[in-house]
Amino acid sequence: MGADSGKSSGMSSFFALLFRLKYINRWGLMRSFRTENVSEHSLEVAMTAHALAEIGVTYFNRDYNPANIALKAMYHDVSEIFTGDLPTPIKYGTDDMKNCYKAIEKVAEINLLDKLPEELKRSYEKLILKQEDSREWRIVKAADKLCAYIKCLEEINSGNKEFTKAEEDIYKTLDITGIDELKYFMENFLPYFSNTIDEI
């Protein structure tokens, strides 16, 4: 009997799959000082996206729902349960590769949602199916890139030159986003990420 064969009675493997995100490591082509998994990355992106949303509400009169943005950020990489974390050169090497990966990602998201009982699907669709043209997803994406940039800083500060080029490339994408909330975070909070615990 399959894990979801009793789905009509509410049985589901959805959450068991989510808890396996901690076994999927990021930065597969990079020699890392410290391994980072998708589960911890998702938490950091959720906290950062929430912060960007709160900054937007507080300083720029945005009408974001910070809690909802944090939830979307928490689930932003769950498709990687099926795809793994593909390195950036594979995901975005060419337009064809980017389009292919997005199609695969969509199938993975739908496959994961299909693990849920029908009554819960609608609630989770709002969190898992990406709406990349929406303002909320724009904040999630900015938080995702910012967390990748912070990871690069951590590795470089630990003496790992492997992340130098990645840090430069990601900084360029952060610099051109034109998101006021991101600029505020980078000016007021980001400098402390290069400090030691005693300096913090």
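**Before you select anything**

This is a predicted model, in which local features need pLDDT of at least 70 and side-chain atom pairs count only at pLDDT 80 or more, while totals for chains, interfaces and linings use all residues. Residues are numbered from 1 along each chain as its sequence is written, and side-chain values use heavy atoms, with hydrogens and water left out.

**The whole chain**

Display the chain as a cartoon, and you will find 10 helices and 0 strands, where helices (H or I, at least four residues) and strands (E, at least two) are DSSP runs numbered from the N terminus. Switch to the C-alpha trace, which spans about 55 × 40 × 40 Å along its principal axes. The radius of gyration, taken over C-alpha atoms, is compared with a globule rule of 2.2 Å times the number of residues to the power 0.38; for 200 residues a compact globule would come near 16 Å, and the 18 Å of the chain agrees with that.

Next, colour by accessibility, with buried meaning under 20% relative accessible area, exposed over 50% and partly exposed in between (1.4 Å probe, protein chains only). On this scale 40% of the 200 residues count as buried. The accessible surface, computed by the Shrake-Rupley method with a 1.4 Å probe, where for residues only the protein chains shown count as cover, comes to about 11600 Å², and 55% of it belongs to carbon and sulfur atoms.

Contact here means heavy atoms within 4.5 Å. Among the contacts in the chain with a separation of 6 or more, 67% are accounted for by residues 24 or more positions apart.

**The nonpolar cores**

In soluble globular proteins, nonpolar side chains tend to be buried together. A nonpolar core is a set of buried Ala, Val, Leu, Ile, Met, Phe, Trp, Tyr and Cys residues joined through side-chain atoms within 4.5 Å. Select Ile69, Ile139, Leu146, Ile170, Leu174, Leu182 and Leu190, which touch the most other members of the largest core, a set of 31 residues. At least two residues of this core come from each of α2 (38-60), α3 (66-74), α8 (135-157), α9 (164-175) and α10 (180-188), and α8 gives the most, with 12 residues.

Now centre the view on Leu182, which, leaving aside its neighbours within four places in sequence, is in contact with Leu52, Ala142, Leu146, Leu174 and Thr177.

**The loop between α1 and α2**

Select Arg26, which has its place in the loop between α1 (14-18) and α2. Is this arginine, Arg26, buried or exposed? Arg26 counts as buried because its relative accessibility is 11%. With neighbours within four places in sequence left aside, Arg26 is in contact with Glu36, Asn37, Val38, His41, Asp77, Asp85 and Ala148.

Move on to Trp27, which is also found in the loop between α1 and α2. Trp27 is buried, with a relative accessible area of 15%, and its phi is near 60 degrees, a positive value in a residue other than glycine.

**The loop between α2 and α3**

Select Asn61, in the loop between α2 and α3, where phi is near 55 degrees, again a positive value in a residue other than glycine. Asn61 counts as exposed, at 71% relative accessibility.

Tyr64 lies in the loop between α2 and α3 as well, but Tyr64 counts as buried, at 12% relative accessibility. Not counting residues up to four places away in sequence, Tyr64 touches Ala53, Gly56, Val57, Ile69, Arg135, Ile139 and Glu181. Draw a C-alpha to C-alpha distance from Tyr64 to Ile139: the two are 75 residues apart in sequence and 9.7 Å apart in space.

**Two last stops**

Select Ser79 in the loop between α3 and α4 (80-83). Ser79 is buried, with a relative accessible area of 1%, and beyond the residues up to four places away in sequence it touches Glu105, Ala108 and Glu109.

Finish at Tyr92 in helix α5 (residues 88-92), which counts as partly exposed at 36% relative accessibility. Leaving aside neighbours within four places in sequence, Tyr92 is in contact with Lys98 and Lys141.
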